[in-house]
Every structure is written in structure tokens, then in C-alpha cells.
Amino acid sequence: MQVTLKSFTIPEVYTKPMVNPKDADCSASAADLGGAQSSSGATVKDAGARGSCDVLIVGGGPAGSSCAWALAGSGLDVCLLDKAEFPRDKVCAGWITPAVAIELELDLAAYQVGRTLQPFTGFRTGLIGGAQVLTRYDQVVSYGIRRCEFDEYLLRRCGARLFLHESCTSLRREGTGWIVNERFLAKCVVGAGGHFCPVARLLGCDEQPTGPVVLAQETEFEMSADELAACQIQPDVPELFFCSDLQGYAWCVRKGNFLNIGIGREGESHLASHMSVFCDHLRRSGKIDVTTAYRVKGHAYRLYRGQHRQVAADAVLLIGDSAGLAYPQSGEGIRPAIESGLMAAATIRAAGGDYRQENLADYSRRLKLRFGKSSSDRNAPPGAWRQVLGRRLLTNRWFTRHVVIDRWFLHRQQRPLVRSTS
Ligand SMILES: Cc1cc2nc3c(=O)[nH]c(=O)nc-3n(C[C@H](O)[C@H](O)[C@H](O)COP(=O)(O)OP(=O)(O)OC[C@H]3O[C@@H](n4cnc5c(N)ncnc54)[C@H](O)[C@@H]3O)c2cc1C
């Protein structure tokens with residue numbers, strides 16, 4: 001599909017943060033991040049004036065920071081812009097699979113110094129209020145992280161020049177490149193701004209066909225000593241609770257002393273009441289006894305289910321949520337964000353400074369191979385299993401282990417990507 005690129009100024013609704021970064025309780029994680037650069041810091045070049053760079057990445061979540069990290073050492077001058085100050089919070093259950101650590105060459109022993117890293121070796125699953133199935137593994141199959149820590153860690157080590165607390169408010173074409181915010185001249189722009197990415201808007205993604213909306217609510221807080229003593233959620237066994245109409249699922253995940261509780265449902269307008277029913281269920285079943293007045297945050301996004309958005313055009317690429325890549329079965333999006341960031345970086349390196357659409361088309365092909373419709377079909381999207389397999393299968397141990405957990409949530413069938421540095 002050919003899409004005409006438009007120059008535009010972004011309306012305020014796209015630039016307002018969905019979660020006030022000041023509300024993020026991340027103070028403990030801000031320490032020990034050597035080499036930090038910020039828009040107000042002395043190490044940032046060109047601040048205030050128009051600077052030129054090879055690649056400008058809009059968004060410093062896992063997608064943007066992974067792309068920048070994979071471009072380090074390429075000789076390209078990479079700038080990264082994010083409207084938030086870091087650490088910033090993000091509505092998320094906060095689990096990652098081991099593939100993420102492999103792909104990003106994370107030193108987990110170093111990461112967990114002063115940060116939360118909770119290994120998971122099993123899952124408890126079932127319907128809200130129904131019997132649960134325990135699926136155990138003899139190895140670590142996933143990790144619980146806190147997004148305010150994880151995203152900042154990735155960002156600070158990515159090697160790009162960082163411009164934080166700066167929203168991308170305008171983009172316009174100049175020659176073969178782009179002028180961003182009337183102060184950066186970039187040869188290539190990478191959109192990594194999440195579900196409301198301004199660069200995706202530039203590609204007309206808000207006008208392309210889309211799937212159903214998912215609404216989600218989540219809270220994460222540190223438990224008091226009494227709450228910790230009463231908590232029956234095992235730290236190494238997160239619990240997933242499917243809604244009885246199978247329109248979504250809820251979770252209760254313990255990461256050390258932190259508890260993360262949330263729910264996501266398709267096309268739901270009464271999400272708050274589902275969240276409160278779920279929390280009541282957790283209390284009544286004796287799993288938690290929480291007295292903290294926790295703050296619930298909300299998020300809304302669209303499911304794409306294998307429909308591919310326009311992800312590449314002249315001197316523009318989209319990665320992560322801005323390309324609509326989160327897995328439709330689970331909503332897990334950190335791994336696709338990272339993988340698309342790595343693939344975009346490989347394409348940019350191979351383009352050799354000529355970022356015309358034909359030189360970036362390889363990125364769309366790689367994405368289709370990795371996340372294309374055929375692989376989602378093989379994994380059976382929620383609509384299919386809702387109708388054909390039904391609720392009974394959630395009590396079946398084989399189905400729970402091999403399909404729900406291994407395929408839909410852990411994606412164990414998909415080997416990790418290897419970073420290309422050529
Ligand atoms: C309730 C919920 C639970 C989830 N749980 C999980 C989970 O457990 N595991 C998992 O893998 N995935 C989970 N996900 C999905 C995951 O959070 C996303 O897929 C992932 O964050 C995508 O990364 P990203 O870098 O593409 O976008 P983001 O992490 O959203 O980062 C985008 C960045 O762009 C910045 N930005 C936005 N607009 C602008 C602008 N105009 N100018 C400058 N900067 C801008 C933002 O400040 C932000 O830092 C969950 C999602 C939800 C909603």
C-alpha cells in the first residue's frame with residue numbers, strides 16, 4: 001500500500017502523557033546510572049539549536065532504546081527524543097521472557113543490583129472464581145521486572161544522545177530527511193512512540209483499518225510488612241485469571257515485595273467494575289489482604305491480529321507498539337518491541353545512508369516473516385479459541401501448558417533474534 005507522507009503539527013491530545021511521570025514511584029531506581037545524558041544536562045550537544053543527526057528515534061521505551069543500542073558502533077549519529085523524564089512508569093504487568101535478555105545481551109546479575117528481577121518458574125491459571133491449574137517448569141521461563149526501572153536501564157545504556165522531556169510536536173520533510181520540532185534535521189526518523197506515536201500518525205496509521213480496542217487497568221505497589229505476610233501469591237508463580245466470557249484476562253504478579261494487579265478486556269466500557277470484582281475475588285479467596293490505597297492506571301490500545309500497518313516509507317520506520325506488534329493472544333509487547341527495534345537497526349545499517357523507501361523495504365519483509373498472519377493463525381487467536389475450544393480447555397493441563405502458557409504467553413517456539421552488527 002502506498003501512503004502519502006504528511007507534514008503536521010500534533011494536536012495536544014497526542015502529546016499529553018497518559019500517566020503523570022511524577023506519580024511513578026521509582027525513586028530508588030534512579031541511582032547508579034552512569035553516563036546519563038538529558039536534555040538539561042551538559043553532555044547533550046546542540047540543545048536549543050537545530051542539530052543534525054543521521055537517525056532520530058521518537059520514543060525511549062523498549063523499542064526505541066533497543067534500536068538505538070543496536071545502532072551503537074555503526075558510526076551513525078543517533079538522537080533519541082522522549083516526552084517523558086526517566087524514570088517514567090508504563091502501564092504493564094512487567095514480565096519479560098528469557099529471549100528478551102538474550103536479544104539485548106543483558107547481564108542479569110548486574111541488572112538486579114538495586115532493581116527488581118523476579119524469576120518465574122510456573123504459572124497458575126484458571127477462570128476468575130474457578131479452579132486453577134498449576135503449570136511448573138524446571139527452569140526459569142520468565143522474569144518479573146518493574147517498567148520504571150527496566151526502561152530506564154535500557155535507555156541509559158543505549159548510546160544515543162538523549163533529549164528527554166521533549167515531546168515530538170512537529171515533523172516536516174526537508175530534502176531527503178525530516179525536520180523535527182523545528183530544531184532537529186534527521187536523515188531518517190524511527191517512530192517508537194507507542195500506541196499514540198506521532199510518527200505513526202505521519203504515515204496515516206490512524207486512517208488504516210484496525211481491530212478491536214482493548215482497555216486495561218493496572219496497579220503496582222510495594223506491600224507493607226503485614227500485606228507481605230498475608231500474601232498468598234508465590235513470587236515465582238504469577239497467576240492469570242481469564243474472564244468467564246473469555247473477553248480478556250486478569251493477573252496478579254508478585255515481584256519481590258511488589259504486587260502488580262491488572263486486567264485487560266476487549267471492547268469493554270465497564271472495566272473499573274471488572275477490576276473491582278477481580279480484586280474482591282483476590283481478597284475473598286485469601287490470596288491478598290491489601291489495605292494500601294493503591295492507584296489504578298488505565299490504558300487503551302487496538303489489537304491488530306496480523307493486519308500489518310504501513311511500517312516503512314521514505315526515511316521513516318515504525319517499531320514496537322507504534323507498528324502494532326504486541327502479541328494479540330497475551331498483549332505481551334516488550335519482546336516484539338525489542339525485536340522490531342533490532343530489525344529496524346539492521347535495515348538502517350544496511351541502507352548505507354540512503355534511506356529511500358526501497359532501501360528500507362527489507363524491514364517490512366522481516367516483520368512479516370517474524371510476526372506475520374500465518375504465525376498468528378498457527379497460534380490460534382483468542383477469537384478462535386473462544387468459539388471452538390471454549391472455557392473447558394482452561395482446566396486441561398496439557399492445553400494449559402503447551403498452548404496457553406508455552407505458545408501464547410511465553411512464545412517458546414520462537415527462537416531469539418540475533419543482533420546484526422554488519
Ligand atoms: C495493561 C498492560 C499490560 C502489559 N503487560 C505486558 C507484559 O507483562 N509484558 C510485555 O511484554 N508487554 C506487556 N504489555 C505491552 C507493553 O507494555 C508494550 O508492548 C511495550 O511497552 C511497547 O514498547 P514501545 O517501546 O513500543 O512503547 P512504549 O513502551 O509505550 O514507549 C513509548 C515511548 O514513547 C514516548 N512518546 C510517546 N509519544 C511521544 C511524543 N509525541 N514525543 C516523544 N516521545 C513520545 C513515551 O513517553 C514512551 O516513553 C502490556 C500492556 C498493557 C497495556
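**Notebook: ligand shell and a helix pair**

I started with the ligand in this predicted model. There are 43 residues around the ligand, and of these G59, G61, G194, G320 and G333 come nearest.

I then looked up which elements supply the shell. Those giving two or more residues are the helices α2 and α9 and the strands β3 (78-82), β4 (95-96), β13 (213-222), β16 (258-266) and β17 (297-302). I sorted the shell by class and got 19 nonpolar, 16 polar and eight charged residues. I also checked the domains: domain 1 (8-89 + 148-208 + 304-376) and domain 2 (119-141 + 212-302) each give at least three residues to the shell.

Next I turned to α2 and α9. Helix α2 covers residues 62-71 and helix α9 covers residues 334-351. I found their axes 7 Å apart, at an angle of about 35°. The crossing of α2 past α9 is right-handed. On the α2 side, I listed P62, A63, G64, S66, C67, A70 and L71 in the contact. On the α9 side, I listed I334, A337, I338, S340, G341, L342, A344, A345 and I348. By class, this contact has twelve nonpolar and four polar residues, and no charged ones.

Last, I looked up the confidence. The pLDDT averages 84 over the protein, and 81% of the residues score at least 70. Over residues 1-48 I found pLDDT below 50, with 79 contacts in the model beyond near neighbours in sequence. Residues 374-381 also stay under 50, and for them I noted eleven contacts beyond four places in sequence.

Notes. Residues are numbered from 1 along each chain as its sequence is written. This is a predicted model: local features need pLDDT of at least 70, side-chain atom pairs count only at pLDDT 80 or more; totals for chains, interfaces and linings use all residues. Axes are lines fitted to C-alpha atoms, for helices over the stretch in contact, and angles run from 0 to 180 degrees between N-to-C directions. Helices (H or I, at least four residues) and strands (E, at least two) are DSSP runs, numbered from the N terminus. A crossing is left-handed if the near helix is turned anticlockwise from the far one by less than a right angle, and right-handed if clockwise. Two residues are in contact if their C-beta atoms, placed from the backbone, lie within 7 Å. Ala, Val, Leu, Ile, Met, Phe, Trp, Tyr, Cys and Pro count as nonpolar, Asp, Glu, Lys and Arg as charged, and the others, Gly among them, as polar. A residue is near a molecule or strand if its C-beta atom, placed from the backbone, lies within 6 Å of it. Domain bounds come from an automatic or database domain assignment. pLDDT is the predictor's confidence in each residue, from 0 to 100.
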